[in-house]
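Take a look at the sequence and the structure shown here. This report walks through selected helices, strands and single residues.

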Amino acid sequence: MTTLRSTVRLQFHRNFTLDDAIPLVPYFAQMGLSHIYASPLLTANPGSLHGYDTVDCQEIDPERGGIAGLRRLVAELRAHDMGLILDIVPNHMGVSPHNHWWQNVLALGPASPYAQYFDIDWQSSDPSLQGKVLLPFLGSPLNQLLDQGDISLHFARNPAGFLLHYGEHRFPISPSDTPQILNTADIPLPDGPILEWLAHTENSEALAQIGKTYASKTEEGRMRLEALLDRQHYRLAWWRTAGDLINWRRFFDVTSLVALKTEREETFEAIHRLVFELYREGLIDGLRIDHIDGLSRPDEYCRRLRSRLEELRPLRPEGLRMPPTLHVEKILEDKEKLPAEWRTSGTTGYDFLEQAALLLHDPEGETPLTAFWEQFGPADYHTTQRQARAEKLENSFPGELKALVRCLTNIPPISHDVTEHAAQTAIHAILLAFPVYRSYFSDGKASTADRHALAHACDEARRHVRPYLRELVTWIEAIMSDRNNHSDARREVVERFEHLTAPLTAKAGEDTAFYRYRRLLSRNDVGTDPARFAAPITEFHTRNTRRLHEFPQALVGTATHDHKRGEDGRARLMVLSETGAEWPKTAESWFRTNNLRHRFTPHGTSPTRSDELLIYQTLISAWPNREEEFVDFSKRLNDYLVKALREAGENTSWSTPDENYEAACHEFLAGLLTSEFRAVLEEYIRRIAPAGILNSLSQTLLRLTSPGVPDLCQGREGWDYSLVDPDNRRPVDYPRYQALLSQDADFNILAAQWRDGRIKQFIIQRVLNFRKQDAALFAEGEYVPVAVTGRLAKHLVAFIRRNGSEEILVLAPRLTFALSPDEELRVFHEGWEHTHLSVGGKWTSLLRERDIDLKDDAALSYFHGDTPLDILKRA
């Protein structure tokens with residue numbers, strides 16, 4: 001079996017099944033890829049396009065091809081010496097009639113064998129939820145729906161029992177109610193088990209009439225239905241009550257996804273049973289763990305998972321007994337490290353996306369762009385994020401916050417002296433300032449990093465609360481970090497705190513503040529910190545060196561299924577960070593040009609200037625390179641605009657959409673695309689496009705050669721100007737990519753014809769195949785930064801990968817607009833003759849297939865009149 005060298009992320013669903021991937025395997029092998037990294041394959045809700053809403057952990061989704069399809073795909077992969085990594089979702093499941101475990105819990109309540117699989121608070125402080133599950137899935141208040149007759153009782157034969165129907169929802173009736181329901185309909189009860197009898201009874205007509213006796217259109221039927229509802233192990237509620245009342249943990253604030261108690265051994269084994277069998281059989285070679293921060297005890301989970309896989313490794317087929325890889329989806333904040341004691345292979349690559357982005361932005365652009373943005377919103381990103389956190393605590397997570405406060409005030413001696421209001425004020429202030437997604441005190445450890453994160457948040461909290469509450473903040477800090485306190489009360493406080501900080505950070509940050517803070521949108525993506533603008537070359541080298549020493553098998557990526565905008569769209573926006581691109585001046589002129597396109601709404605002039613700036617940057621980032629890609633462009637932009645405006649939640653929102661304001665924004669956008677302004681926009685994009693392409697190619701080359709395992713998100717071997725999902729999950733035109741790959745390849749010709757994307761595909765194929773030939777160089781080789789001096793020193797990143805006598809030299813441009821690339825990506829800059837490397841010697845270009853002699857002074861004059869990007873092998 002091949003070792004893990006590179007991955008291609010594929011999103012499987014009913015329209016792209018496991019069998020659909022089989023004919024693509026030879027293409028992936030030709031590209032030099034070693035593994036498919038598959039999206040979740042366990043059975044999800046019917047029609048799910050992503051698979052993160054698992055409803056059956058013990059079956060490969062029939063819609064995605066089933067176990068037979070998986071075996072066929074893996075057989076083809078093995079024939080090409082390739083492997084498979086599977087994305088699994090141990091944190092949550094889909095709430096659905098198709099989820100047998102969940103439906104059983106609704107039917108039987110705490111007595112269900114699955115009642116402890118889910119993170120449900122069966123002892124809620126709300127009397128109406130004692131021993132019940134809140135189901136906030138109603139589109140209107142319950143009484144209103146009963147008045148309208150929208151909730152009705154029906155009999156289902158498989159499995160036999162009664163269900164409440166509400167739209168597409170199906171809520172099971174407790175089996176203990178079955179005798180009374182049958183009596184109401186004058187159906188005689190059998191001598192044996194009722195449900196078994198119901199499954200085979202011929203009383204179909206009588207059973208079908210039962211719903212009429214529980215119809216809310218009559219007073220008697222309404223009373224029966226209400227009494228029946230009151231007896232169930234759940235409480236139906238209006239969706240707007242979820243934030244205040246929900247008594248089970250969700251994935252973030254998504255009420256259609258229920259959290260699992262994976263820390264329980266029984267639950268762990270149940271949700272991994274099929275995964276372990278797939279690994280033992282040799283159908284998968286590694287795992288990608290979704291949302292590791294959603295688990296109660298990530299350290300314990302990762303160690304247990306690693307241990308179980310190692311136990312199974314000797315049982316795998318011969319030739320497939322290499323150590324499994326475990327990659328965790330973990331967003332690392334600035335200076336945060338992935339805990340080594342988890343025994344994982346590393347992260348899924350968000351941190352490299354940030355590393356490359358910081359490198360390719362011009363630090364000199366920060367001051368003018370910040371000053372420009374300050375006219376429309378807070379200059380400091382943390383101000384925007386803090387406001388968003390406050391809003392989310394109030395609107396999305398008030399129930400979780402109240403539950404945490406109640407647990408906190410149950411710990412003596414605080415329970416005798418502090419009110420819930422005071423405790424909530426203190427913990428609220430800590431949550432607003434918590435600097436990372438979460439701490440890991442619940443794992444029974446108190447690392448230095450965890451203590452520092454908590455200390456930072458508490459220091460900030462003490463600055464913001466009234467003096468008499470500062471001691472309370474200090475007491476909370478002591479409780480959280482006291483690893484000698486093993487009481488159940490303290491454990492519950494810690495777990496509730498850690499289950500709140502992660503979703504709060506995500507929803508307030510990447511799902512809200514990222515859409516509000518428009519200083520430069522290429523700095524707003526999953527895994528990034530918009531508060532930072534750029535970083536020096538030395539930081540890029542430092543991070544690469546650290547990854548090589550700590551997590552050499554970590555994935556490195558610049559595109560994911562969750563990104564806000566495509567990797568090449570971000571690369572084009574990066575050009576705006578350079579002062580020569582004159583973005584503030586350009587945007588101001590566009591404001592004047594399009595001033596009369598605004599409409600007046602209750603918000604004032606619509607769109608607002610901030611939203612107008614969002615529209616301009618979106619157009620720049622998403623503008624296609626080829627004419628045929630404009631076919632559905634307007635619709636894609638409008639769909640994105642609705643999502644972006646509602647996520648920002650300033651002038652419209654998901655819960656209270658302002659269709660009048662949204663219409664004004666759509667009209668404004670349509671005017672830009674159909675007026676003389678379109679030519680102005682196209683001219684500006686034409687001006688910056690070559691620099692954006694150089695950024696893209698540089699980003700691609702760095703991903704392929706830096707320490708770690710390069711990940712290729714499906715279809716990103718071509719240009720990626722996509723927007724946020726679902727736009728970034730559109731079908732991939734693989735026949736086109738296969739046709740491009742079959743064409744003759746000359747680097748300079750491809751560079752001149754860059755619009756078709758073949759140049760990007762060529763670089764990926766050439767470097768991945770070189771990695772295949774010399775895997776040890778990249779897996780084990782040193783990483784040596786190469787000093788660049790002279791006139792264009794800040795425009796070039798250089799490093800060596802070395803393993804014994806094998807050496808490659810990587811040269812990648814940055815701050816590319818100042819290099820003035822022409823339409824064929826050539827840079828005619830005399831500065832190359834005055835730019836030097838600290839290495840010389842004879843090399844062979846892997847991209848250009850020609851020999852390069854770097855003279856003793858190692859001047860880069862060979863780049864003059866050429867595309868300034870290369871990977872050289874020591875001759």
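## A mostly buried helix

Start with helix α17. Its buried residues are P398, G399, L401, A403, L404, V405, C407 and L408. That is 8 of the 11 residues of α17, so the helix is largely enclosed by the rest of the structure. Keep in mind that this is a predicted model.

## Helix α19 and its partners

Helix α17 is also one of the partners of helix α19. Helix α19 covers residues 420-433, which is 14 residues. From its first C-alpha to its last, α19 reaches 20 Å. That is close to the 20 Å expected at 1.5 Å a residue.

Which residues of α19 are buried? They are A422, A423, A426, I427, A429, I430, L431, L432 and A433. These buried residues pack against five helices: α16 (381-395), α17 (398-408), α20 (448-464), α21 (470-481) and α22 (488-516).

## Two helices side by side

Now turn to helix α15 (residues 366-373) and helix α25 (residues 583-593). They pack at an angle of about 25°, and their axes lie 9 Å apart. The cut-off for roughly parallel is an angle under 35 degrees. So α15 is roughly parallel to α25.

Which residues meet where these helices pack? On the α15 side they are P368, L369 and F372. On the α25 side they are W583, P584, A587, E588 and F591. By class, the contact has 7 nonpolar residues, no polar residues and 1 charged residue.

Next comes an open sheet of 3 strands. Their order is β8-β9-β10, and the pairing is antiparallel. The edge strands are β8 (152-157) and β10 (169-172), and each pairs on one side only. From one strand to the next, the twist averages 40°. In general, strands of a sheet pair through backbone hydrogen bonds, either parallel or antiparallel.

Look at the pairs in turn. Strands β8 and β9 (residues 160-166) run antiparallel and are joined by 6 bridges. R157 has A160 in β9 as its bridge partner. A hairpin through 2 residues links β8 to β9. Strands β9 and β10 are also antiparallel, and 4 bridges join them. Here L164 stands opposite F171 in β10. These two strands form a hairpin as well, with 2 residues between them. In that turn, G167 has a positive phi of about 60°.

## The covered strand β9

How many residues of β9 are buried? The count is 7 of its 7 residues, and the strand is mostly covered. Both faces of β9 are covered. One side carries A160, F162, L164 and Y166, and the other carries G161, L163 and H165. Each of these residues is buried.

T178 sits in helix α6 (residues 178-184). Is T178 buried or exposed? Buried means under 20% relative accessible area. T178 has 3%, so T178 is buried.

## A second open sheet

Another open sheet of 3 strands has the order β6-β13-β12, again with antiparallel pairing. Strands β6 (92-94) and β12 (250-251) stand at its edges. Each has a single partner strand, so one side of each is left without a neighbour in the sheet.

How many bridges join β12 to β13? There are 2, and the strands run antiparallel. Strand β13 covers residues 254-259. R250 stands opposite V258 in β13.

## A buried glycine in a loop

Finish with G557. This residue lies in the loop between β17 (555-556) and α24 (567-574). Its relative accessibility is 4%, so G557 counts as buried.

What does G557 touch, not counting residues up to four places away in sequence? The contacts are G349, F352, L353, R703 and D711. S256 is 301 residues from G557 along the chain. The C-alpha atoms of G557 and S256 are separated by 29 Å.

Methods:
Residues are numbered from 1 along each chain as its sequence is written. This is a predicted model: local features need pLDDT of at least 70, side-chain atom pairs count only at pLDDT 80 or more; totals for chains, interfaces and linings use all residues. Side-chain values use heavy atoms; hydrogens and water are left out. The expected span of a helix is 1.5 Å times one less than its number of residues. Buried means under 20% relative accessible area, exposed over 50%, partly exposed in between (1.4 Å probe, protein chains only). Contact means heavy atoms within 4.5 Å. Two strands pair if DSSP finds at least two bridges between them. Axes are lines fitted to C-alpha atoms, for helices over the stretch in contact, and angles run from 0 to 180 degrees between N-to-C directions. Angles under 35 degrees count as roughly parallel, over 145 as roughly antiparallel, 65 to 115 as roughly perpendicular and the rest as oblique. Ala, Val, Leu, Ile, Met, Phe, Trp, Tyr, Cys and Pro count as nonpolar, Asp, Glu, Lys and Arg as charged, and the others, Gly among them, as polar.
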